[in-house]
Amino acid sequence: IAIASAPNAQSLPSLEVSLIKDTNTAPDEYGSNPGGFQRIGDRVYFYASTPATGRELYSTDGTPGGLRFEYDLTPGRAGSEPGPVVLGRLGDRLIVTAKYQLWAYGNGTAVALTPPGMFDVNTRLRRAMANVGGRLLMTRGGFSDPVWVTDGTPEGTYEQNAANGFALPRYEGGDCATDAGSLYTANSPPYSLVRNDGTVAGSAVIATLPNAATGVAFAGRCYFLAGTDGGGTAVWASDGTAQGTAEVVRIAGESRAGLVFMNGNMIVATHDTNYRVRRYVLSDLANPALILDVPATAGSLVATRGAVLAFLNHGDQPSSVYLGDGSTSMRVIHTAPPNGPGLVGMRYVQGDTVIVMTSPLATRIDATTGAVTTMQSGRALSRDFAATLGDNVIGPGTDDQEVWISDGTDAGTRVLHTMWP
């Protein structure tokens, strides 16, 4: 905008501006807005905002006195958005995404591992896949996303692409960590099973799967639950080598529904008009035991520390929940009342407990006894964004936006740290 001067206007003297007092110090009505909760070792790392530091990285050991401020990447109140989020640890260094860059925090300093703007995606979605040979493998976890590698130095941080000598197919999902590297399925049928240890020489396609697969690690191997071309289910096992990768189970005519391990046994769920759960002894995969076989239109399998639960939908009939130890037949522990919603909602495992986000109150299932009770405080913290530490979950409160902890009981669900005064 141009402003014309009056004919007899006089010029104003130059002005110096200084802050006399900051009056905007009232607490944020939304609290410190913590997020990015990640467990690394015996601590949970998260970002939070305070009047003194802005949004920076903190950690807790799960006790009231266990809060620790990790590093002030952006001194003052400005903060280090987006992030900072911890992806993993290499020695005494934390690998952190913040301000669209990758950083190594350690010994009171922060070293930028990538140039500014290199991580120009939502850093909250990035996560570590595996730690192999002192290298951390990372991905955003979405379809056809690139894999990044770092050894904690700028020279050893790179994207796996053709320019850096990699010719791997793009990441699809289902990754599973082994000593040989991260195993995952790659996009474009037929689906490739890729071993990736972060190096050109140690990364390769080791098998072709009939479909995209979900990986589960057990006893040094990865097991992948895949669909087959004929509408059946297959389980593949791999030790990370081409020679040690093969289909070990095939179930014809039944769609895949779940794969977990319990008490040394492999538990596979499938469905057609019935929902079936089979127990496989790894030394005798040819002779499974059928531990559940009931009519159901859909279902899902959940494993706690010592039990397996099947949440089943029976169409126009009340839904139900079955419980077992993975060795013997499963028993029903809950049936919804007629025309009732049943135990519908996201499910979260805490040790021997399953918390179901039913409405308006959460439901608690004790997997050791089969007891199903209402949990008054189940929605006090956002479990979608929480991290597990032992038998506790630590995450953001849904109302006051501070740091909460829960052991899966009403008495053990409370505010852990109030970051904003």
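Let's start with a sheet. Four strands form an open sheet in the order β1-β2-β3-β4, and their pairing is antiparallel. At its edges stand β1 (35-40) and β4 (67-71), each with a single partner strand, so one side of each has no neighbour in the sheet. From one strand to the next, the twist averages 35 degrees. Such angles run from 0 to 180 degrees between N-to-C directions, with axes as lines fitted to C-alpha atoms.

A word on what you are looking at. This is a predicted model, where local features need pLDDT of at least 70 and side-chain atom pairs count only at pLDDT 80 or more, while totals for chains, interfaces and linings use all residues. Residues are numbered from 1 along each chain as its sequence is written, and side-chain values use heavy atoms, with hydrogens and water left out.

Two terms, quickly. Strands are DSSP runs (E, at least two residues) and helices are too (H or I, at least four), numbered from the N terminus. Two strands pair if DSSP finds at least two bridges between them.

Back to the sheet. Strand β3 (residues 54-60) pairs with β4 in the antiparallel sense over four bridges.

Now the whole chain. How many helices and strands does the protein chain have? Zero helices and 36 strands. The chain has 421 residues, and 49% of them count as buried. Buried means under 20% relative accessible area, exposed means over 50%, and partly exposed is in between (1.4 Å probe, protein chains only). Take contacts between residues at least 6 apart in sequence: 39% join residues at least 24 apart. Contact here means heavy atoms within 4.5 Å.

Next, another sheet. This open sheet also has four strands, ordered β13-β14-β15-β16, with antiparallel pairing. Its edge strands, β13 (171-178) and β16 (204-209), each pair on one side only. The twist averages 25 degrees from one strand to the next. Inside, β14 (residues 181-186) and β15 (residues 191-196) pair in the antiparallel sense over five bridges. Look for A186: its bridge partner in β15 is S192.

Of its 21 lining residues, L312, N313, S319, P341 and V344 are the closest to the centre. Which gives the largest share? That is β27, with five residues. By class, the lining has ten nonpolar, nine polar and two charged residues.

Last stop, two residues. First, is I405 buried or exposed? I405 is buried, at a relative accessible area of 2%. I405 sits in strand β35 (residues 403-406). Beyond neighbours within four places in sequence, its contacts are G62, N392, V393, I394, G412, T413, R414 and L416. V415 is ten residues along the chain from I405, and their C-alpha atoms are 6.3 Å apart.

Second, D400. D400 lies in the loop between β34 (392-396) and β35. With 29% relative accessibility, D400 counts as partly exposed. Now find N33. D400 and N33 are 367 residues apart in sequence, yet 8.6 Å apart in space, C-alpha to C-alpha.

Definitions and conventions:
1 Å grid on protein atoms, 1.4 Å probe; cavity = no way out; pocket = protein on both sides within 12 Å on 5 of 7 lines; lining within 4 Å. Nonpolar A, V, L, I, M, F, W, Y, C, P; charged D, E, K, R; others polar.
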